[in-house]
Amino acid sequence: MNEYPYSPLRSLLEGHWFKLICGASYQDLPTIRDLALVYTLAGADCIDVAADRAVIEAAREGIESAAKIPGFARKTRPWLMVSLNDGEDPHFRKALFDPNLCPIDCSRPCERICPANAIDASGVIDRRCYGCGRCLPVCPLGLIETRSRIVEPGEIVPILLETDIDAIEIHTSVGHEESFRRLWEAIAPATENLKILAISCQDHENLFDYLRYIRETIGKLSCPLIWQTDGRPMSGDIGKGTTHPAIAMARKVLSSDFGGFVQLAGGTNAHTVTKLEQMGLLGKIAGIAYGSYARSIVLPILDRIPTATLENHPESLREATGIAIDLVSGLKDRAVTR
């Protein structure tokens, strides 16, 4: 019997595509592995990770481990996606500061506000930081900075060719015409066997002109295209209202003639599907990507077992997967039965 009778492409076509975003700069390998495991079991269609060999292999191990666990109905083997950027982008940055400069009596608001538990007495735990920036404004002395990373074409092309990934997402911004063109020209030969290409961009008054430029630059593709409307990046775990910018941008892109699928991201959370349903957009969009919110609801469980794989803790595995299933099915069940 086929363990995965449904395909991610079918989910796109039917309007219930679910993508897990692990984080374009997130490199906590054990957590990435277990997130991939849990959301594969829950029925995710795609898992998006950093363009890093070790991260890719950790996610792949989680996906493959799902097939070995009895007692779970697996409908989809998710596509593995890597994220690239063509310039400065908040998804591709890390916070940093010198803890020796911190006052002894500091109440450490940075540590309390960090959603990734990436700050302790030693400073920023680099592998855990995914660049949300929430620590920057709360430091009383303004000691926290960020360092950004642009994935260079010469670095990424070998990874694309040698790791057998399924999909690519390019993070770009209005005004990046030249840098986008350079990146695309470098990676285009490595995209021929992709199952999907995603373009992630935030809203702007010149959005349509820029997306039209991108469509003309990439030309004819050998795979489907997703326009990811990145509303309020890395904010879905903050509150209900963060989902609105992504939906507003999606409505704009849906009214265009660019072709391809439209998928939400940036601020998506448990309220997103309800809001789409209220606005009559459920099913008109192809799907939703969940990042900080999807991670935040299972991380407390994963953090309880830091020294062993999740499979060795069956109760925690069932608990984490049950939470993930609730999120995934909230989109899939309502989209299919709309």
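**Pockets, cavities and helix packing**

The second largest pocket is lined by 21 residues, and those nearest its centre are Asp28, Pro30, Thr31, Leu302 and Pro306; on a 1 Å grid over the protein atoms alone, a pocket is an open set of points with protein on both sides within 12 Å along at least five of seven lines, and lining residues have an atom within 4 Å of a point. Two or more residues of this lining come from each of α2, α3 and α11 (299–302), with α2 giving the most, five residues. Helices (H or I, at least four residues) and strands (E, at least two) are DSSP runs numbered from the N terminus. The volume of the second largest pocket is about 350 Å³, a volume being the space filled by probe spheres set on grid points joined across faces, edges and corners. Its lining comprises 10 nonpolar, four polar and seven charged residues, where Ala, Val, Leu, Ile, Met, Phe, Trp, Tyr, Cys and Pro count as nonpolar, Asp, Glu, Lys and Arg as charged, and the others, Gly among them, as polar.

The model is predicted, with local features requiring pLDDT of at least 70 and side-chain atom pairs pLDDT 80 or more, whereas totals for chains, interfaces and linings use all residues. Residues are numbered from 1 along each chain as its sequence is written, and side-chain values use heavy atoms, without hydrogens and water.

Helix α2 (residues 29–42) packs against helix α3 (residues 53–66) at an angle of about 35 degrees, with the axes 7 Å apart. Axes are lines fitted to C-alpha atoms, for helices over the stretch in contact, and angles run from 0 to 180 degrees between N-to-C directions. The contact (heavy atoms within 4.5 Å) includes Leu29, Ile32 and Ala36 of α2 and Ala54, Val55 and Ala58 of α3. Its residues divide into 11 nonpolar, three polar and two charged.

Helices α7 (residues 207–218) and α8 (residues 244–254) pack at about 60 degrees, with their axes 11 Å apart. Leu207, Phe208 and Leu211 of α7 meet Met249, Lys252 and Val253 of α8; five of these residues are nonpolar, none is polar and one is charged.

Four cavities of 30 Å³ or more were counted, a cavity being a set of points where a 1.4 Å probe fits but cannot get out. The largest cavity holds about 210 Å³ of space. Its lining has 24 residues, among which Ile21, His91, Met234, Gly291 and Ser292 are the closest to its centre. At least two lining residues each are supplied by β8 (167–171), β10 (225–230) and α10 (292–296). By class, seven residues of this lining are nonpolar, 13 polar and four charged.
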